[in-house]
Amino acid sequence: MDTADIGFVSYAGLAFSAVSGCFWLVSSAYGEQARSVKSATECKSLSGLPELIKGGPKLVAVSGQVSENDSFATELTGQPCVISQVKEEIHLQRVCASGRIARDTTTVRDTRNFSKGFTLTDASKKHLHVLNAIEARGSSLTSEVIATDQAEKRDDFFDRKFEQGVLSGMAMLGVELSSGYVVTGRVTTERFVRCGAPITIVGEAASVPRASVDKCCGSEVRLLGDRVAVIRRPAQGGPFFIGNKSLQEIIYDLSVNAKLAKWAAIGCGTVGVGLITWKAASAGLTLFRRRRLKARVVAANRRIAAARAAGQVPTPEGADGERPTSEAADVANACCVCLAMKSDAVYTACGHMCTCWDCAQRAGNRCPMCRCDSTAVRVYM
């Protein structure tokens, strides 16, 4: 039995299953992060931090305000900050063949600037050094986000690009010529954490020699000896978050993301399994019908061959020009599939007229007699 044209595999189902697996991995990652952050000890006051880490580094969550130590000026507004994000987008548009205007936005620059080390302070007036803040996650959800949009027209945009360099300007012109889009302008957005903004940090609290800290303000969280407390990315791996949300809000957001990804995985997986099952069932049913059709064709051919061998099949026209009405003639002209209706469908490729029109529609573009690919045409006699 020829099964080459029967598709047993649903590629859409496999794609949905693969997407489901990706969502499941994302859900597992968010769930693991939520469990790790939940295990962090919340430090109510920086003055109590030495008691928490006297036995060694510990995962903690601390809240406070950003100190002005090690701050830098923002690019657009010049305000002092410790974390900033500058995003530059160009706006494009082109006229489609239908006359509709298509618009698009492309990000050409997305930079994040972090102070190498800044300090966190609270009501106790103690300062906690934050090391390598650039390695923290969640920093795009900065505390007290302040955005400044700087719009620029097309001519000014290209003038600035050519001032930066001929190659930069020619590159943007090349984008216009190759894509068909025309640059209509630029928008620069800046977000930053200003000094004094309240933030929450989840990370590893540890003690380091005071000399290893870049800048000392004299009011650090001190430990025994010449050591100070710092918060950093866990050395053995773990959560390191900086954001404007409380510890409970961070855990809630991570848990919600994990649940959303989990339900997306379940939904895509259900659709994928359904498509795969439906495709396999449809292919199996098609194969079963073809085998049954072949068996009926073979049985009909045997009966016709037996009738011809017995001499019971007359010529198409009788001696007097009238069509025969004998039972043998009915067998010869019967549909080889259903054996009930008269054959009135001709396959153009092979010339066989062996089925009725209804069976020819169900059989598809293939002759049941010789299995060649052909189109059936109805004949009226």
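**Chat: surface, cysteines and salt bridges**

Biologist: Starting with Phe8: what is its relative accessible area?

Modeller: It is 39%, so Phe8 counts as partly exposed. Keep in mind that this is a predicted model.

Biologist: Where does Phe8 lie?

Modeller: Phe8 sits in the segment before helix 1, which spans 11–38.

Biologist: What does Ser27 touch?

Modeller: Ala258, Ala261 and Lys262, leaving out residues up to four places away in sequence.

Biologist: Let me zoom out. How many helices and strands does the chain have?

Modeller: There are 7 helices and 14 strands. The chain has 381 residues, and 35% of them count as buried.

Biologist: What share of the contacts comes from residues 24 or more positions apart?

Modeller: 66%, among contacts with a separation of 6 or more.

Biologist: Now strand 7. How many of its residues are buried?

Modeller: 4 of 5, so strand 7 (residues 127–131) is mostly covered.

Biologist: How does strand 7 run relative to strand 11?

Modeller: The two run parallel, joined by 2 bridges. Strand 11 covers residues 227–232. His129 has Val230 in strand 11 as its bridge partner.

Biologist: And Pro209, where is that?

Modeller: Pro209 is in strand 10, residues 198–209. Its relative accessible area is 40%, so it is partly exposed. Beyond neighbours within four places in sequence, Pro209 contacts Asp226 and Arg227. The C-alpha atoms of Pro209 and Leu223 are 9.7 Å apart, and these two are 14 residues apart along the chain.

Biologist: Switching to cysteines. How many disulfides are there?

Modeller: The structure holds 0 disulfides. For Cys268, the nearest cysteine sulfur is that of Cys22, 9.6 Å away. Cys268 is buried, at 16% relative accessibility.

Biologist: Salt bridges next. How many?

Modeller: The count is 9. One of them joins the side chains of Lys245 and Asp253, at 2.5 Å from N to O. Lys245 is partly exposed at 29%, and Asp253 is partly exposed at 25%.

Biologist: Which residue forms a salt bridge with Asp344?

Modeller: Arg378, with the closest N and O atoms 3.5 Å apart. Asp344 is in the loop between helix 6 (327–333) and strand 13 (345–347), and Arg378 is in strand 14 (residues 376–378), so the pair ties together parts that are 34 residues apart in sequence.

Biologist: How covered are Asp344 and Arg378?

Modeller: Asp344 is buried, at 16%. Arg378 is partly exposed, at 38%.

Biologist: One last pair. What is the N to O distance between Asp373 and Arg366?

Modeller: It is 3.3 Å, and their side chains meet in a salt bridge. Asp373 is exposed at 56% relative accessibility, whereas Arg366 is buried at 14%.

Notes: Residues numbered from 1 in each chain as written. Predicted model: local features only at pLDDT ≥ 70, side-chain atom pairs only at ≥ 80, totals over all residues. Heavy atoms only, no water. Buried < 20%, exposed > 50% of the residue type's maximum accessible area, 1.4 Å probe, protein only. Contact = heavy atoms within 4.5 Å. Pairing = 2+ DSSP bridges. Disulfide = S-S within 2.5 Å. Salt bridge = Lys/Arg side-chain N within 4 Å of Asp/Glu carboxyl O.
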